[in-house]
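Open your viewer and get ready to select a few residues at a time.

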Amino acid sequence: MTMSQSGGRRKPPTIHDVAREAGVSRGTVSRVLNGGHYVSPTAQEAVNAAIRRTGYVVNRHARSLITGRSDSIGFLLTEPQERFFEDPNFNVLLRGCTQALAAHDIPLLLMLAGTDDERRRITRYITAGHVDGVLLVSSHSGDPVAEQLREAGVPLVMCGKPIGVGSKVSYVAADDRDGARDMVRHLVSLGRRRIGVVTGPLDTPGGVERLAGYREVLSESGIDFDERLVVSGDYSRASGEAGAERLLAQCPDVDAVFVASDLMAQGVLTSLERAGRRVPEDVSVGGFDDSSAALAARPQLTTIRQPYDRISAEMVRVLLAQIGGEDPAAVILPTELVKRQST
């Protein structure tokens, strides 16, 4: 590297310095930096070694002016900010997506949009080209963000099956319905017959699919569906606590509760303890997610494990493929029943 004439401060290395160090042309270095197309393995290794030796760092702003890309991805959570800090699943997804993108040297921008005004501002920011694509998490039906981004041609991958959005939207989801079926079959196998459910929001894919799985297993098991045994929550601990109180008031003979998230299940356990109901002796409780909340619960929760590492990796893979020109894709991943002390 060379010294500046005004004070001995080192100039940052340039693409010309890398080319000289590697013994290749500037064009070869440029092709390596833009994906390595039409570059021999020997030349690519020489360039990578020269980058390490010189400490060259890509000028993303300059490259974006040439390529028309921002070289960044948005992680958009359409929930209030407090939900991001309360629900451990969001942090797990964010970490997984960040790690998957780091392998491609692409930064991830966290965007929280829990109000209509925030969603409008974020949508304007995204459609102005500040990110190359969006990983959208927790989109409710009636939320216009997904449809607006799709219509604007922004590459988009949703976490969970889309509701009320055009069919040509990529998504990655755990098999919510099958996971719910596994949990309710497990409760039935324990001899439980008055099985309540605390659903997720019924304008979200997880809320709809997990309730559907619950109803299907009751039907196949010859257990009559009782709408008094169904209460809704919003995936927060407080809503689980309130939901269990409603269940106990409406159906005091409830002997099991399937809860659509581990965090809500913690609230259910609190209500049952307050009512003097022993878990699992009097009431079996099953959650969903296998999040840190399942292990922190007392007793620890039997739950349905979502493969969050795979969900994150697949969301990134599908989005990068879409940015590269591939068609939208749908990926559904299997869940797993994890038995612990609550059933």
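## First stop: a helix across strands

Select residues 116–130, which are helix α7, and you will see this helix lying across β1 (73–77), β2 and β3 (134–137), at about 155 degrees to β2. That angle is taken between N-to-C directions, on a scale from 0 to 180 degrees, using lines fitted to C-alpha atoms, for helices over the stretch in contact. A contact means heavy atoms within 4.5 Å. Helices (H or I, at least four residues) and strands (E, at least two) are DSSP runs, numbered from the N terminus.

Before you go on, note that this is a predicted model, in which local features need pLDDT of at least 70 and side-chain atom pairs count only at pLDDT 80 or more, while totals for chains, interfaces and linings use all residues. Residues are numbered from 1 along each chain as its sequence is written, and side-chain values use heavy atoms, with hydrogens and water left out.

## Colour by confidence

Now colour the protein by pLDDT, the predictor's confidence in each residue, from 0 to 100. The mean is 89, and 90% of the residues reach 70 or more. Select residues 1–7: here the pLDDT is below 50, and the stretch has 11 contacts in the model beyond near neighbours in sequence. Residues 64–68 are also below 50, with 3 such contacts. Where pLDDT is low, the predicted coordinates should not be read in detail.

## Zoom out

Show the whole chain as a cartoon. The C-alpha trace spans about 85 × 40 × 40 Å along its principal axes, and the secondary structure comes to 14 helices and 12 strands. Of the 343 residues, 52% are buried (under 20% relative accessible area; exposed is over 50%, and partly exposed lies in between, with a 1.4 Å probe and protein chains only). Among contacts between residues at least 6 apart in sequence, 69% join residues at least 24 apart.

## The open sheet

In which order do the 6 strands of the open sheet lie? Follow them as β2-β1-β3-β4-β5-β11, with parallel pairing; two strands pair if DSSP finds at least two bridges between them. Select β2 (108–112) and β11 (330–333): they stand at the edges with a single partner strand each, so one side of each has no neighbour in the sheet. On average, neighbouring strands here are turned by 15 degrees against each other, direction ignored.

For a closer look, pick β4 (residues 156–159) and β5 (residues 170–174), which pair in the parallel sense over 3 bridges. Within this pairing, V157 stands opposite S170 in β5.

## Rings and charges

A pair of aromatic rings is described by the distance of the centres and the angle of the planes. Rings of Phe, Tyr and Trp (its six-membered ring) pair if their centres lie within 6.5 Å; planes under 30 degrees apart count as stacked, over 60 as edge-to-face and the rest as tilted. By this rule there are 2 aromatic pairs.

Select F84 and F85: their ring centres are 5.2 Å apart and their planes stand at 80 degrees, so this pair is edge-to-face. F84 is buried, at 6% relative accessibility, whereas F85 is exposed at 64%.

Next, select F258 and F288, with centres 6.4 Å apart and planes at 50 degrees, which makes the pair tilted. F258 is in strand β8 (residues 256–259) and F288 is in the loop between β9 (284–286) and α13 (292–296), 30 residues apart. Both F258 and F288 are buried.

A charge sits over a ring if NZ of Lys or CZ of Arg is within 6 Å of the ring centre and within 35 degrees of the ring normal. Then try R215, whose charged end sits over the ring of F225, 3.7 Å from its centre.

## Backbone stops

Most residues other than glycine have a negative phi, and most peptide bonds are trans. Select V279 and P280: the bond from V279 to P280 is cis, with omega near 10 degrees. P280 is in the loop between α12 (262–274) and β9. R298 and P299 are also joined by a cis peptide bond, with omega about 0 degrees.

Finish with D290, which has a positive phi of about 60 degrees although it is not a glycine. At 18% relative accessibility, D290 counts as buried.
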